[in-house]
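Colleague: I'd like to learn how to read the charged contacts in a model like this one. Could you walk me through it?

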Amino acid sequence: CDSSVTFNVQTGALPEPVIQGPALSGCIPFTANFIGNIVNPAYNYSWNFGDGSTANIANPTHEYNQPGTYDVQLIATNSTGCADTVTAQVTSFPVPEAAFDLWHGTDDYYANISTLTLTNLSTGGTGYFWTFGNNDNSQEFEPQYQYTEPGQYTIALTVTNQYGCRDITSKSLTVKLPEDLYIPNAFTPNGDNKNDHFSVVAYNINKFRINIFNRWGRIIYTSNDPTFTWDGKHNGADVMNGVYVYTVEATGMYGTDFNLSGTVTVVK
């Protein structure tokens with residue numbers, strides 16, 4: 001005796017899940033862009049990123065903010081309930097911290113005079129690259145440097161670790177030219193071409209005025225030029241030997257004010 005029965009069997013294609021992307025490792029914060037899975041309403045995807053986070057789309061993006069190696073799991077399910085599972089590892093690397101201090105011994109930094117000392121306070125680095133804002137650089141841990149031209153410079157430090165991760169920090173430095181006046185206290189206008197004139201040595205002075213007085217308080221010489229030279233004459237005649245009072249008012253190119261007074265002795 002024969003009998004038969006017929007029934008339907010439902011089958012469905014099962015996608016092969018993949019965990020792949022342009023990169024599965026990088027420096028924190030590391031963003032993993034997962035690609036390669038088929039986007040189809042009949043397929044369900046369940047991601048576990050290994051750090052407590054999950055997703056339910058074919059090709060998610062996930063950011064790792066802590067260094068470490070994470071076990072990533074993906075389960076792909078079709079409409080019939082068939083499932084496939086794949087795992088992979090994602091690694092996020094630590095980033096060093098760049099930090100440094102500047103020291104040059106004085107309140108102001110002067111070109112060709114001050115020396116810059118750099119104190120490296122970085123952590124987690126294996127390589128160091130300094131730039132000084134003028135095409136000069138150094139790979140020393142704590143270099144010393146001296147600027148030769150005035151200006152506003154940005155000093156930058158790039159710190160790299162063994163994974164190729166890097167951090168950058170920078171500080172600004174104003175480099176000035178020295179502002180100063182040096183005034184002698186005697187000269188000998190006797191025509192021997194030695195110390196025949198009274199003058200000052202002025203460094204980076206923008207505004208200047210000197211008045212020289214006789215013993216009665218009358219101005220016998222005045223000038224607004226910091227490169228002046230006085231030959232010891234007044235109204236074309238030689239002044240007498242003696243002590244003469246001067247006053248100087250000046251302003252440097254960076255705003256330093258000078259209000260000086262003193263005496264100069266004429267000796268023939």
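Modeller: Happy to! Bear in mind that this is a predicted model.

Colleague: Why does the D108 and K176 pair tie together parts that are 68 residues apart in sequence?

Modeller: Look at where each partner sits. D108 is in the loop between β8 (100-103) and β9 (109-110), while K176 belongs to strand β15 (residues 166-176), so the bridge connects parts separated by 68 residues in sequence.

Colleague: And how does burial look there: is K176 buried or exposed?

Modeller: The cut-off to keep in mind is that buried means under 20% relative accessible area. K176 has 17%, so K176 is buried. D108, with 27%, is partly exposed.

Colleague: How many salt bridges turn up in the whole structure?

Modeller: A search of the whole structure gives three. One of them joins the side chains of D238 and K233, at 2.6 Å from N to O. Another pairs K268 with D238, where the closest N and O atoms are 3.7 Å apart. This second pair links distant parts of the chain, as K268 lies in the segment after β24 (257-266) and D238 in strand β22 (residues 237-238), 30 residues apart.

Colleague: Now the overall picture. What secondary structure does the chain have?

Modeller: The chain holds 24 strands and zero helices. For its dimensions, compare the radius of gyration with that of a compact globule: 268 residues would give a value near 18 Å, but this chain has 40 Å. Along the principal axes, the C-alpha trace spans about 155 × 30 × 25 Å.

Colleague: What share of the residues counts as buried?

Modeller: Of the 268 residues, 32% do. The chain exposes about 15800 Å², and carbon and sulfur atoms supply 46% of that area. For contacts, take those between residues at least 6 apart in sequence: 54% of them join residues at least 24 apart.

Colleague: Back to charge, then. How many positive and negative side chains are there?

Modeller: There are 10 positive and 24 negative side chains. The centres of the two sets lie 31 Å apart.

Methods. Residues are numbered from 1 along each chain as its sequence is written. This is a predicted model: local features need pLDDT of at least 70, side-chain atom pairs count only at pLDDT 80 or more; totals for chains, interfaces and linings use all residues. Side-chain values use heavy atoms; hydrogens and water are left out. A salt bridge is a side-chain nitrogen of Lys or Arg within 4 Å of a carboxyl oxygen of Asp or Glu. Helices (H or I, at least four residues) and strands (E, at least two) are DSSP runs, numbered from the N terminus. Buried means under 20% relative accessible area, exposed over 50%, partly exposed in between (1.4 Å probe, protein chains only). The radius of gyration is taken over C-alpha atoms; the globule rule is 2.2 Å times the number of residues to the power 0.38. Contact means heavy atoms within 4.5 Å. Accessible areas come from the Shrake-Rupley method with a 1.4 Å probe; for residues, only the protein chains shown count as cover. Lys and Arg count as positive and Asp and Glu as negative; His and the chain ends are not counted. The place of a charge is taken as NZ of Lys, CZ of Arg, CG of Asp or CD of Glu.
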